[in-house]
Amino acid sequence: MKTLVIVTHPSIQTSVINKRWATELQKYPEKYTVHELYKVYPDGNINVEKEQQLIESHDRLVLQFPFYWFSSPPLLKQWLDEVFTYGWAYGSMGDKLQQRKVALAVSAGIKEADYTEEGKYRYTLGQLLSPFETTMLYCDADYRSFFAFYGAEHEPASSELEQSVQDYLNFIDNL
């Protein structure tokens with residue numbers, strides 16, 4: 001089973017977490033296709049047919065992005081709006097995501113304790129990611145939840161970063 005990983009980071013060169021995850025995934029091209037939206041579409045002009053074909057050629061889909069302003073980078077939202085079309089992703093004839101395993105991989109700058117009902121932001125990361133889950137459910141995809149790295153705005157220890165890489169690979173492989 002091959003997994004398409006849509007990496008959407010507006011400045012991947014300066015990223016610590018997303019860059020490291022993408023670099024590791026690229027070591028296994030037989031298992032993962034890493035598709036970096038900001039590299040492929042720096043002008044924001046998305047080739048919808050190409051993107052749909054890319055999804056169709058893979059068994060699983062992972063959306064990988066930094067979580068900021070409690071959402072995704074704008075290009076990922078645009079990509080979802082344009083690629084998940086009526087008649088392709090949903091609607092009476094839209095079955096291309098039907099039962100396709102889909103998950104999220106998110107780097108969150110804030111500490112995990114802040115993402116609790118008692119924490120600073122009063123919502124869990126799962127609650128804040130619910131629009132993505134709802135989108136996948138609307139398209140009848142097999143939503144498999146999310147993988148998260150918390151506290152990314154603080155320089156993680158190399159051991160912590162490397163553990164997240166292994167945990168991320170395990171997460172994808174067990175979707």
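Which side chains meet in a salt bridge at 3.0 Å, N to O? K31 and D173 do, and they open this set of close-ups, all taken from a predicted model.

**View 1. K31 and D173 meet in a salt bridge.** K31 lies in the loop between α1 and β2 while D173 belongs to helix α7, so this pair ties together parts of the chain that are 142 residues apart in sequence. K31 is partly exposed, at 29% relative accessible area. D173 is partly exposed as well, at 32%. Look also at what K31 does with an aromatic neighbour: its charged end sits over the ring of Y28, 5.8 Å from the ring centre.

**View 2. R20 of helix α1 is paired with E162 of helix α7.** Here the side chains form a salt bridge with an N to O distance of 2.7 Å. The two residues are 142 places apart, so to speak linking distant parts of the chain. Is R20 buried or exposed? R20 is buried, with a relative accessible area of 18%, whereas E162 counts as partly exposed at 32%. The search of the whole structure turned up eight salt bridges.

**View 3. K77 and D81 pair up within helix α4.** Their side chains meet in a salt bridge of 2.6 Å, N to O. The two are four residues apart in the helix, which means that about one helical turn separates them. K77 is partly exposed at 44% relative accessible area, and D81 is partly exposed at 48%. Elsewhere, salt bridges with shared partners join R20, E24, K27 and E162 into one network.

**View 4. Helix α1 is mostly covered.** The helix spans residues 17-25, and seven of its nine residues are buried. Which ones are they? The buried residues are I17, N18, R20, W21, A22, E24 and L25. What do they pack against? Their partners are the strands β1 (3-7), β2 (32-36), β3, β4 (101-108) and β5 (142-150), together with helix α7 (158-173).

**View 5. Y115 and Y150 form a tilted ring pair.** A pair of aromatic rings is described by the distance of the centres and the angle of the planes. The structure has 15 aromatic pairs by the rule used here. In the one shown, the ring centres of Y115 and Y150 are 5.9 Å apart and the planes stand at 55°, so the pair counts as tilted. Y115 lies in the loop between β4 and α5 (125-128) and Y150 in strand β5, so the pair ties together parts that are 35 residues apart in sequence. Y115 is buried, with a relative accessible area of 4%.

**View 6. Y68, W69 and F70 make a nonpolar patch on the surface.** Together these residues have about 390 Å² of accessible area. Y68 is found in the loop between β3 (60-67) and α4 (74-83), and F70 lies in that loop between β3 and α4 too. Y68 counts as partly exposed at 32% relative accessibility, and F70 is partly exposed at 34%.

**View 7. F70 and S145 each have a positive phi.** Most residues other than glycine have a negative phi. For F70, phi is about 60°, although the residue is not a glycine. S145 is not a glycine either, and its phi is near 85°. S145 lies in strand β5 and is partly exposed, with a relative accessible area of 32%.

**View 8. L97 is buried in the loop between α4 and β4.** Its relative accessibility is 0%. Which residues does L97 touch, leaving aside its neighbours within four places in sequence? L97 is in contact with I55, F84, W88, A89, C139, D140 and A141. For a sense of distance, L97 and S57 are 40 residues apart in sequence and 12 Å apart in space, C-alpha to C-alpha.

Methods
Residues are numbered from 1 along each chain as its sequence is written. This is a predicted model: local features need pLDDT of at least 70, side-chain atom pairs count only at pLDDT 80 or more; totals for chains, interfaces and linings use all residues. Side-chain values use heavy atoms; hydrogens and water are left out. Patches are made of residues with over 30% relative accessible area and no salt bridge: like charges are joined within 9 Å, nonpolar side chains (Val, Leu, Ile, Met, Phe, Trp, Tyr) within 5 Å. Accessible areas come from the Shrake-Rupley method with a 1.4 Å probe; for residues, only the protein chains shown count as cover. A salt bridge is a side-chain nitrogen of Lys or Arg within 4 Å of a carboxyl oxygen of Asp or Glu. Buried means under 20% relative accessible area, exposed over 50%, partly exposed in between (1.4 Å probe, protein chains only). Contact means heavy atoms within 4.5 Å. Rings of Phe, Tyr and Trp (its six-membered ring) pair if their centres lie within 6.5 Å; planes under 30 degrees apart count as stacked, over 60 as edge-to-face and the rest as tilted. A charge sits over a ring if NZ of Lys or CZ of Arg is within 6 Å of the ring centre and within 35 degrees of the ring normal.
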